[in-house]
Amino acid sequence: MNAPITGYRALTDVEAALINQIKAKGAEIEALCDQVDAHVNEQYDKAFTSEVDTDDIDVANAELNRLDNTNASGWAGEARINFQKALMFLTRAVAQPTSF
């Protein structure tokens, strides 16, 4: 038997199953975040490629400016962090640790 973790109690089978569901959902959400990151990165890659390949540099610059102004990468990063927090909050709601 493992030594107890300070501030945590033994979990019931129902609680362990709930936490495993939360962890499984986390893997799904992580995959979705990865897809969004890849989409945004692809948009940047296309804009950079257009900048080199197009005769109309203004069109390429406009697309890069649009991407920068919408802060798509920043929003995707914030979403990832907040999903991680939400999953942690759910896990703590089930595990109910008494420590900080």
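The model is predicted. Its average pLDDT is 91, and 93% of the residues score at least 70.

Start with H3. This helix covers residues 72-95, which makes 24 residues. From first C-alpha to last, H3 reaches 34 Å, close to the 34 Å expected at 1.5 Å a residue. Just after H3 comes glutamine 96, with a positive phi of about 55 degrees.

Now look at which residues of H3 are hidden. Ala76, Leu87, Thr91, Val94 and Ala95 are buried. Take alanine 76, which sits in H3. Alanine 76 counts as buried because its relative accessibility is 9%, and the cut-off for buried is under 20%. Leaving out residues up to four places away in sequence, alanine 76 touches Val36 and Asp37. Leucine 32 is 44 residues from alanine 76 along the chain, yet their C-alpha atoms are separated by 10 Å.

In soluble globular proteins, nonpolar side chains tend to be buried together. Here the largest nonpolar core has seven residues: Ile19, Ile22, Ile29, Cys33, Leu87, Val94 and Ala95. Helix H1 (13-53) and H3 are the elements that give two or more residues to this core. H1 supplies the largest share, four residues. Another core, of five residues, lies apart from this one; among its members are Val40, Tyr44, Ala47 and Leu64.

Finish with isoleucine 22. Not counting residues up to four places away in sequence, isoleucine 22 touches Leu87, Leu90, Thr91 and Val94.

Technical notes:
Residues numbered from 1 in each chain as written. Predicted model: local features only at pLDDT ≥ 70, side-chain atom pairs only at ≥ 80, totals over all residues. Heavy atoms only, no water. Expected span 1.5 Å × (residues − 1). Buried < 20%, exposed > 50% of the residue type's maximum accessible area, 1.4 Å probe, protein only. Contact = heavy atoms within 4.5 Å. pLDDT = per-residue confidence, 0-100. Core = buried A, V, L, I, M, F, W, Y, C linked by side-chain atoms within 4.5 Å.
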